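Hi,

Here is the structure I promised to pass on to you. Have a look at it first, and then read on for what turned up in it.

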Amino acid sequence: MIIIMVIFTVIAALILFGVYNRQEPKPVARFMCFSDPSFCHLIIEGKAIPGFGTNQIEPVSARALENKRLQASFGIDNAFTSDHEPYVKRFKSKAKKRMQAVDWDELSIFVQEQIRARLERSATRGNPGEGVRLSSLVQVISLLVVLVVLLQQKKESLMRMNRRLVRLAEEVTSAWISSKQDATCVKLEDNPGLINALEDVFPDINREDHLHNPLNFILPGFETLWRVVLRAIIEIRYRDNNVEWQNVAMKFASTPTSAQFLLKDEGSNISAKFLAHESLRLYPPTRRVHRAYKFAGYPDHFSLAADIEACHISTAIWGADAEAFRPERWATVTSEQQKAYFPFGSGVFTCPAQSVFGPRVIMLLVGSFITELQHWNMVAQDSEVMEALRLGKRLKNERQSLDDLYIHKSIE
Ligand code: HEM
């Protein structure tokens, strides 16, 4: 099946690029999205594509060119936007060092305290009928983790700035969404909302200094974490109320060690690691990775995309239940499935959070939320979401698709 798909993709691509007829190239699509795992790995590394030829653009530049809008919207200069390889390497190793320095026990206590404090505050001060918007709560807690771990901010000072953090999370999310749309992409200097929110949390910031922009570290962590954590909470806590999975997540959050991460529950045979993998498989926060390509003989640049999400939910690879949350599948993954699973990218560009920090911090957050949400029910104003949950369908993976979910304290 896979061989047929590869042959089909190569033939389609050869035709699109007019390589059968070099004297008279046909108009070609400037943007192409690939869902075959082998092609996706090549694209992410900016390598030669069979039938297309080599890329004349250096891999770091191929990535930077595709992230120009991100650079403008946030005024950032990081591994995703720079075409200076030594800087990219330094940035990556700095990120890795900060992730390795995490004190997991301290982080777990801090996260649970922060979730509890916000839930208590909303239960006493807010309008009880209104409930708490789940996506906002997950965003602000994920932002706190990123600020503590990656920007090494003091917990005590962050605890005093609840409203400011909520605003920063909202501004970053909305700037991210607009950066993805041609018509609405606004530059940082023209976005007073984001600038003010940033200056409220980082009063000493120099907005001209892109190298020291805190968003350099905030974006890669925050924009990935909250989305997968939100969906994992819904799958594990609210879909079928699977108590065994919930216990696995809660135990890891209270004892966040390597051994506990791998430990399989006696009844279900599920570990926190399986839950993390399944959450990242079904809901990869980076859905597609884009690269600029320039092929010999063609004047234009092409934008090629590796469709990570399509590889993760392909029924040809994962079976008929590919779109279902089934952590037990990780007990017997095939080599084909391993190759089709790359939520943290591939090859030289693999994310520094892949091996330890990413999967564990996801489960620390998920387990902490599940612990604190024991007496909270979830209600969606959007009936489509409740319908998806009831019918066992996959949740939507777009950024704003779950904005409509509210949690309410159950009456004891
Ligand atoms: C759930 C969590 C995360 C996911 C799913 C994720 C995903 C990814 C993906 C798909 C890439 C490849 C991008 C590309 O090739 O263009 C990547 C690269 C990268 N990520 Fe993450 N990431 C996560 C967390 C983080 C965190 C917390 C940091 C901390 C700053 C981080 C820093 C980076 C960096 C620096 C790179 C570039 C690596 C390089 O240039 O070689 N990521 N990430």
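A word on the record before anything else: UniProt positions are given in the numbering used here, feature names are shortened, and annotations may be inferred rather than shown by experiment. In an unreviewed entry, UniProt lists residues 131-151 as "transmembrane region". Over residues 131-151 the chain is 76% helix and 10% strand, with the end C-alpha atoms 31 Å apart. Helices (H or I, at least four residues) and strands (E, at least two) are DSSP runs, numbered from the N terminus.

Please keep in mind that this is a predicted model, where local features need pLDDT of at least 70 and side-chain atom pairs count only at pLDDT 80 or more, while totals for chains, interfaces and linings use all residues. Residues are numbered from 1 along each chain as its sequence is written, and side-chain values use heavy atoms, with hydrogens and water left out.

Now the helix packing. Helix 7 (residues 134-149) and helix 11 (residues 215-239) pack at an angle of about 140°, their axes 8 Å apart. Here axes are lines fitted to C-alpha atoms, for helices over the stretch in contact, and angles run from 0 to 180 degrees between N-to-C directions.

Leu143 and Leu147 of helix 7 and Leu165 and Thr173 of helix 9 are among the residues making the contact.

And which protein atom is the donor of the iron atom of the ligand? Cys351 (SG) is the only one, at 2.3 Å; donors are N, O and S atoms within 2.8 Å of the metal (3.2 Å for Na, K and Ca), and water is not among the atoms, so sites may look incomplete. Cys351 is found in the loop between helix 17 (335-339) and helix 18 (357-372).

Best wishes

Methods
Contact means heavy atoms within 4.5 Å.
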